[in-house]
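Here are my notes for a colleague opening this model for the first time. Please keep the structure in view while reading the numbered points.

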Amino acid sequence: MKSLILTALYLAKDTLNRWMSRISSPLARVLVVYFLSLCALCFLGSYVITAKALRDKIRAQGGDLVHIMVFSAPGGNAAALPTEQELSDLLDVDSLAVRSVGSATAEQRSVPVFTYDFQRSSQFVPLLSPSAGPSLLCPMDKPLFRPGPMDVRLAGDSTGHTLMVRHLPPDHLLMRLMPDGCILVPPETAESMTRSRASTMQRLIARVRNLEGAHSLVRVETYFRNMLRLEGAQGQVVSASRMLREMDVVLSNQTQCRAAFCIGIVGIVGILLTALAGMEYRQNEYIYTLMKSFGIHPLMLVGAFLVENLLLVGLSFAAAVATFMQSQQIIVSQFFKMSRYTLQLDEIMPEIHLIAAMLLICIAFSSIPIIAAANREIGRVLK
């Protein structure tokens with residue numbers, strides 16, 4: 001054990017002496033790995049930022065939504081839609097369902113009127129007026145009506161009704177379903193406010209929580225199409241899954257470019273590390289052979305070069321990651337023109353793991369000439 005420790009200390013001292021006598025050797029490895037890793041992070045970071053911006057734009061335009069319309073004949077029973085909790089557990093979506101009960105006129109504008117099922121009361125009761133009466137809801141970014149009480153007249157009804165106007169955030173599911181606003185009526189008063197039977201049409205909107213591609217929407221679409229078929233109801237399911245399929249193809253092609261770029265880095269760094277390691281071993285081959293003749297195992301010599309390269313490459317890569325994370329705002333705003341986007345460490349961590357794995361392959365590849373040289377016969381070197 002003592003001889004093993006002394007050998008390790010001697011090899012460490014020998015490595016430091018080589019660095020001090022030929023500073024260009026470790027410096028070349030550090031600079032090449034640092035700048036290539038930084039370039040790779042910028043390239044792969046642009047891919048992550050582009051994908052992030054594209055997903056945000058898709059969500060803003062409703063790409064993460066699935067719209068379901070279920071029609072029922074007058075006087076017929078409406079299809080039983082799943083509850084909010086059931087859809088959350090089965091499909092990992094946020095959902096909201098309403099039933100059409102006609103239309104109304106408010107300030108010379110036609111506004112659709114909806115009610116809801118009792119099983120979804122927890123979603124809609126906070127949206128009603130303080131007295132739990134009807135309310136007119138419209139988005140904050142398009143305030144068509146001023147907040148407060150308002151008189152409306154239902155279609156086909158000569159009497160007016162007073163309700164409360166409320167503004168909701170534009171990303172609220174009800175506003176995503178009815179972007180121009182709607183009147184929400186509690187189910188117990190829906191029959192008294194309209195002469196026709198409630199629910200000739202039901203509308204449900206589901207928002208996918210984790211949009212990872214077209215398959216996230218297709219899974220929800222398939223569920224509702226199967227539900228409509230089993231219920232024997234007429235309906236329509238609409239989503240942006242076709243557009244997301246095209247986006248998935250584009251992202252897949254970018255993934256191939258990423259792989260090719262990383263392979264190029266592996267080639268450059270691998271050739272550099274292999275050439276320098278082989279050259280330095282040959283310059284000290286006589287000393288290392290003497291050490292072998294004294295009983296030192298060749299694996300110790302190979303391990304010394306592996307640890308050396310691992311230390312230099314690891315420190316260089318860590319410095320490149322730190323530089324990228326600290327200067328990414330400048331890189332993103334000046335080169336990618338996306339100043340409002342920033343990357344968190346967890347968002348780019350898959351790319352960091354990819355580059356790190358490629359660098360480890362380089363280090364392992366660079367040990368091949370060392371292994372071959374360390375296993376040469378002692379007599380051929382010392383003769």
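1. Start at R209. At 35% relative accessibility, R209 counts as partly exposed; the class runs between buried, under 20% relative accessible area, and exposed, over 50%, with a 1.4 Å probe and protein chains only. R209 forms a salt bridge with D92, meaning a side-chain nitrogen of Lys or Arg within 4 Å of a carboxyl oxygen of Asp or Glu. The closest N and O atoms of this pair are 3.0 Å apart. D92 is partly exposed too, with a relative accessible area of 29%. R209 sits in the loop between β8 and α7 (214-231), and D92 in the loop between α3 (84-91) and β2, so the pair ties together parts that are 117 residues apart in sequence. Element names follow DSSP runs, numbered from the N terminus: helices are H or I with at least four residues, strands are E with at least two.

2. A word on the basis. This is a predicted model, where local features need pLDDT of at least 70 and side-chain atom pairs count only at pLDDT 80 or more, while totals for chains, interfaces and linings use all residues. Residues are numbered from 1 along each chain as its sequence is written, and side-chain values use heavy atoms, with hydrogens and water left out.

3. How many salt bridges does the structure hold? There are 5. Side chains of opposite charge can pair when their charged atoms come close. One of the bridges joins R99 and D117, with the closest N and O atoms 2.9 Å apart. This pair links distant parts of the chain: R99 is in strand β2, D117 in the loop between β3 and α4 (121-124), and 18 residues separate them. R99 is buried, at 16% relative accessible area. D117 is partly exposed, at 25%.

4. R225 pairs with E221, and their closest N and O atoms are 2.9 Å apart. Both residues lie in helix α7, 4 residues apart, about one turn of the helix. E221 counts as buried at 7% relative accessibility, whereas R225 is partly exposed at 40%. Elsewhere, salt bridges that share partners join D92, D94 and R209 into one network.

5. Now look at strand β2, residues 93-106. Is this strand mostly covered or mostly open? It is mostly covered: 10 of its 14 residues are buried. Strand β2 pairs with strand β8 (residues 201-208) in the antiparallel sense, over 7 bridges; strands count as paired if DSSP finds at least two bridges between them. In that pairing, V98 stands opposite R203 in β8. In a regular strand the side chains alternate between the two faces of the sheet.

6. Strand β2 has another partner, β3 (residues 109-115). That pairing is also antiparallel, with 7 bridges. R99, which bridges to D117, stands opposite T115 in β3. The hairpin of β2 and β3 has 2 residues between the strands. There, E107 takes a positive phi near 50°.

7. Turn to the aromatic rings. The structure has 3 aromatic pairs, counting rings of Phe, Tyr and Trp (its six-membered ring) with centres within 6.5 Å; planes under 30 degrees apart are stacked, over 60 edge-to-face, and the rest tilted. The ring centres of Y34 and F35 are 5.0 Å apart and their planes stand at 80°, so this pair is edge-to-face. Y34 is buried, with a relative accessible area of 18%. F35 is partly exposed, at 47%. The rings of Y223 and F224 have centres 5.3 Å apart and planes at 85°, so they too are edge-to-face. F224 is buried at 0% relative accessibility, while Y223 is partly exposed at 26%.

8. Finish with helix α2, residues 24-60, where F35 is found. This helix has 37 residues and reaches 53 Å from its first C-alpha to its last. That is close to the 54 Å expected, a span given by 1.5 Å times one less than the number of residues. After α2 comes G62, whose phi is positive, near 85°.

9. F35 also belongs to a nonpolar surface patch. I23, L27, L31 and F35 make this patch, of about 380 Å². Patches take residues with over 30% relative accessible area and no salt bridge, joining like charges within 9 Å and nonpolar side chains (Val, Leu, Ile, Met, Phe, Trp, Tyr) within 5 Å. The areas come from the Shrake-Rupley method with a 1.4 Å probe; for residues, only the protein chains shown count as cover.
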